[in-house]
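This briefing covers one protein chain, grouped by topic.

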Amino acid sequence: MKLYSRPLSPYSSIVRSIAYYKKAPIKVVAPPPGFPIPEEFRAISPFNRIPVLITGSGLTIIEASVIAEYLEEHFPEPSLLPADSRDRAIVRMTTRIAELEVLAPVMELFELFYLKSKDDARITKLFKQMETGLTELEKVLETGPYALGDQMTLADAWLTPTRFVFNNFRKMSGREDLLDPFPKFDAYQQLIVQDSDLSLVWYEMSDGLKVFLNELEPA
């Protein structure tokens, strides 16, 4: 199997964390360099984005959530879903909240702040959406060793890159106190760095951020 991924990509990082946890035989490769990804990559990814998984049979799978489900089914052990149906539902709800109500708005806000957008109405709406999502995450997060208790789940795969992006976003947005109302989500970083697989993804993202920021600096 081959995974097209970049270290800083949150959605790619979700898939890498699953692959690392399951010790899946996946070769991680980078798409063509450039930001945005060059158009030539559409020959592999029709929407020109990552992650992309190429299976052993040659099937191309796009979208992090679909790849995550495929890996959980293709490599069932160790499982990232609890045995109980109620607990599985909680894991799935947590991943969807993280993806749609927290990560999606914060990634759009990154772009708006980078472009110095004056669309205050859109920015306010996205902050509201993000804060609502964080409020719901705060209700389900446990104190460890993982997001939802004693077992690593798909929720940790989603929450690790989601939590990572907030460190830089707080600085970029000038809202250093952004996570003060969400102490469990804020402290989740300390749980991440204590796990070998999740911390590997965290530090890959850290290195990717350094490279990205260096590339932004004027020559």
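A pocket here is an open set of grid points where a 1.4 Å probe fits, with protein on both sides within 12 Å along at least five of seven lines. The model is predicted.

**Largest pocket**

- Five helices each give at least two residues to the lining of the largest pocket: α1 (10-22), α2 (64-74), α3 (85-114), α5 (154-173) and α7 (196-216).
- Helix α3 provides the largest share of this lining, with eight residues.
- Sorted by class, the lining of the largest pocket consists of 27 nonpolar, six polar and seven charged residues.

**Second largest pocket**

- The volume of the second largest pocket is about 300 Å³.
- There are 15 residues in the lining of the second largest pocket, and the closest to its centre are Ser-65, Glu-69, Leu-81, Arg-92 and Leu-154.
- Helices α2, α3 and α5 each contribute at least two residues to the lining of the second largest pocket.
- This second lining contains five nonpolar, three polar and seven charged residues.

**Sheet**

- The sheet is open and has four strands in the order β2-β1-β3-β4, with mixed pairing.
- Strands β2 (27-29) and β4 (60-62) are at the edges and have a single partner strand each, so one side of each has no neighbour in the sheet.
- On average, neighbouring strands of this sheet are turned by 20 degrees against each other, direction ignored.
- Strand β1 (residues 2-4) pairs with β2 in the parallel sense, over three bridges.
- Lys-2 has Lys-27 in β2 as its bridge partner.
- Helix α2 packs on the sheet and touches β3 (52-54) and β4, and the direction of α2 makes about 125 degrees with that of β4.

**Contact of α1 with α2**

- The axes of α1 and α2 cross at roughly 10 degrees and come within 9 Å.
- Angles under 35 degrees count as roughly parallel, and α1 and α2 are therefore roughly parallel to each other.
- On the α1 side, Tyr-11, Val-15, Ile-18 and Lys-22 take part, and they meet Ala-64, Ile-67, Ala-68, Leu-71 and Glu-72 of α2.
- Seven nonpolar, no polar and two charged residues make up the contact of α1 with α2.

**Contact of α4 with α6**

- Helix α4 (residues 120-140) packs against helix α6 (residues 183-192) at an angle of about 70 degrees, and their axes are 8 Å apart.
- Angles of 65 to 115 degrees count as roughly perpendicular, and this therefore describes how α4 and α6 stand to each other.
- Leu-134, Leu-137, Glu-138 and Lys-139 of α4 are in contact with Pro-183, Lys-184 and Phe-185 of α6.
- The contact of α4 with α6 comprises four nonpolar, no polar and three charged residues.

- Phe-35 and Pro-36 are joined by a cis peptide bond, with omega about 0 degrees, and Pro-36 is in the loop between β2 and β3.
- Asn-48 is in the loop between β2 and β3.

Definitions and conventions:
Residues numbered from 1 in each chain as written. Predicted model: local features only at pLDDT ≥ 70, side-chain atom pairs only at ≥ 80, totals over all residues. Heavy atoms only, no water. Nonpolar A, V, L, I, M, F, W, Y, C, P; charged D, E, K, R; others polar. 1 Å grid on protein atoms, 1.4 Å probe; cavity = no way out; pocket = protein on both sides within 12 Å on 5 of 7 lines; lining within 4 Å. Points joined across faces, edges and corners; volume = space filled by probe spheres on them. Axes fitted to C-alpha atoms, helices over the stretch in contact; angles between N-to-C directions. Parallel < 35°, antiparallel > 145°, perpendicular 65-115°, else oblique. Contact = heavy atoms within 4.5 Å. Pairing = 2+ DSSP bridges.
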